Amino acid sequence: MSQLRYYAYADHGVHLQEINSYHQAVRVGDRIECSGQGGWNCTSGEMKKDLYEEIDQAFENVDRNLKDAGGEGWSQVFRVNSYHTDMSNEALGHMVKNLRKWMPNHQPLLTCVGVAKLAQEDMRIEIEVSAYVGT
């Protein structure tokens, strides 16, 4: 089995590791697996107030997380699992807009799940991804 290498990006990623005892990403072999990313500011941890801005920020945080773990970002993502407290057509449409923005050259596997609540009190979206980075 490949050696596991764990990552927690600076500031809020390290803060979450310290208080909740988990990493933001793990690299195993030719893959990066990412913990769910919310729409928080990566420095302060403050959550975006506007839902669309929160979705946008969650996508940016996934990109940062992948790059911190040595990946190239969204271009290597093959699976996206997302969890939503708002499953409206507008919210999901904004999700699709971001999928097209961040992955213009491919379409990943996707699962979107509606949930009553997420880990942080004011969190409305969480995105976890799997990426193939090669050897």
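Glu-121 and Lys-117 pair up through their side chains in a salt bridge, at 3.4 Å from N to O. Keep in mind that this is a predicted model. So where do these two partners sit, buried or exposed? Glu-121 is exposed, with a relative accessible area of 68%, and Lys-117 counts as exposed too, at 54%. In general, side chains of opposite charge can pair when their charged atoms come close.

How many salt bridges does a search of the whole structure find? It finds four. Another one of them joins Asp-63 to Lys-67, with the closest N and O atoms 3.0 Å apart. Both of these residues belong to helix α2, and they are four residues apart, about one turn of the helix. Asp-63 counts as buried because its relative accessibility is 11%, and the cut-off for buried is under 20%. Lys-67, at 45%, counts as partly exposed.

Then there's Arg-31 with Glu-33, whose side chains meet in a salt bridge at 2.4 Å, N to O. Arg-31 is partly exposed at 33% relative accessibility, and Glu-33 is partly exposed as well, at 25%.

Okay, on to the inside. The largest nonpolar core has 23 residues, and the ones touching the most other members are Ile-32, Leu-66, Trp-74, Val-77, Val-80, Ile-127 and Val-129. Which elements give two or more residues to this core? Those are β3 (31-34), α2 (51-68), β4 (77-84), α3 (89-102) and β6 (125-132). The largest share, six residues, comes from α2. As a general point, nonpolar side chains in soluble globular proteins tend to be buried together.

Let's zoom in on Val-77. Leaving out residues up to four places away in sequence, Val-77 touches Leu-66, Met-103, His-106, Pro-108, Val-129, Ser-130 and Ala-131. Apart from that core there's another one, of seven residues, including Leu-16, Trp-40, Cys-42 and Leu-118.

Last stop, a couple of backbone angles. Asp-11 isn't a glycine, yet its phi is positive, near 70°. You'll find Asp-11 in the loop between β1 (4-7) and α1 (12-20), and it is partly exposed, at 41% relative accessible area. Ser-21 isn't a glycine either, and its phi is also positive, about 60°. Ser-21 sits in the loop between α1 and β2 (25-28), and at 67% relative accessibility it counts as exposed.

Note on methods: Residues are numbered from 1 along each chain as its sequence is written. This is a predicted model: local features need pLDDT of at least 70, side-chain atom pairs count only at pLDDT 80 or more; totals for chains, interfaces and linings use all residues. Side-chain values use heavy atoms; hydrogens and water are left out. Buried means under 20% relative accessible area, exposed over 50%, partly exposed in between (1.4 Å probe, protein chains only). A nonpolar core is a set of buried Ala, Val, Leu, Ile, Met, Phe, Trp, Tyr and Cys residues joined through side-chain atoms within 4.5 Å. Contact means heavy atoms within 4.5 Å.
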